[in-house]
Amino acid sequence: MGVSERTCLICRSKASKASLLRMVLCEGVLVWDEGQRLPGRGAYVHPDIGCISRMGQAARWERALRISQGILNIEQLRLTVVRLMDRVTKQQ
């Protein structure tokens with residue numbers, strides 16, 4: 001059986017699904033699906049500062065998650081980016 005690959009929404013390079021962060025929309029808030037089991041459409045991002053720091057573009061997420069403009073809470077998106085950057089920085 002082959003390794004499942006996904007494309008990073010930010011840098012557009014492919015990587016194994018297990019090596020990427022899966023992000024899903026829950027009640028207008030973009031959240032990290034740590035167990036990769038939450039329902040709904042997901043989008044993937046590399047767990048590094050370079051990709052995470054460029055996550056703040058709402059239009060990119062709206063297209064990837066196939067949601068209408070304005071559904072994604074921009075302030076919560078910014079908080080998610082800050083939290084992920086903090087977590088990745090601590091792991092390095």
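Predicted model: local features only at pLDDT ≥ 70, side-chain atom pairs only at ≥ 80, totals over all residues.

Visitor: Where is Arg12 found, and what is the value of its phi?

Guide: The general idea is that most residues other than glycine have a negative phi. Arg12, found in the loop between β1 (5-7) and β2 (14-16), has a phi near 70°, which is a positive value in a residue other than glycine. Gln36 also has a positive phi, of about 50°, although it is not a glycine; its place is in the loop between β4 and β5 (42-45), and at 22% relative accessibility Gln36 counts as partly exposed.

Visitor: Let me turn to a helix. What span should the 18 residues of α3 have, and how far apart are its end C-alpha atoms?

Guide: At 1.5 Å a residue, helix α3 (residues 74-91) should span 26 Å, and its end C-alpha atoms are 26 Å apart, which agrees. At the start of α3, a side-chain oxygen of Asn73 reaches to within 3.1 Å of the backbone nitrogen of Glu75.

Visitor: Which residues of α3 are buried?

Guide: Here the word buried stands for under 20% relative accessible area. In α3, the residues Leu77, Thr80, Val81, Leu84 and Val88 are buried. They cover an arc of only 100° around the axis, which puts them on the same side of α3. On the face turned away from this buried side, α3 carries the exposed residues Val82, Arg83 and Lys90.

Visitor: How many salt bridges does a search of the whole structure find?

Guide: The general idea is that side chains of opposite charge can pair when their charged atoms come close. A search of the whole structure finds four salt bridges, and we can look at some of them in turn. In one of them, the side chains of Asp33 and Arg22 meet at 2.4 Å, N to O. This pair links distant parts of the chain, with Asp33 in the loop between β4 and β5 and Arg22 in strand β3, 11 residues apart. Asp33 is buried, and so is Arg22.

Visitor: Which salt bridge involves Arg87, and where do its two residues lie?

Guide: The side chains of Arg87 and Glu34 meet in a salt bridge at 3.3 Å, N to O. Arg87 lies in helix α3 and Glu34 in the loop between β4 and β5, so the pair ties together parts that are 53 residues apart in sequence. Arg87 is partly exposed, with a relative accessible area of 36%, whereas Glu34 is exposed, at 54%.

Visitor: How many residues apart are Lys90 and Asp86?

Guide: Lys90 and Asp86 both lie in helix α3, four residues apart, which is about one turn of the helix. They form a salt bridge, and their closest N and O atoms are 3.3 Å apart. Lys90 is exposed, with a relative accessible area of 63%, while Asp86, at 40%, counts as partly exposed.

Definitions and conventions: Residues numbered from 1 in each chain as written. Heavy atoms only, no water. Expected span 1.5 Å × (residues − 1). Buried < 20%, exposed > 50% of the residue type's maximum accessible area, 1.4 Å probe, protein only. Arc of directions from axis to C-beta. Polar contact = N/O pair within 3.5 Å; in protein donor to acceptor, adjacent residues only side chain to side chain.
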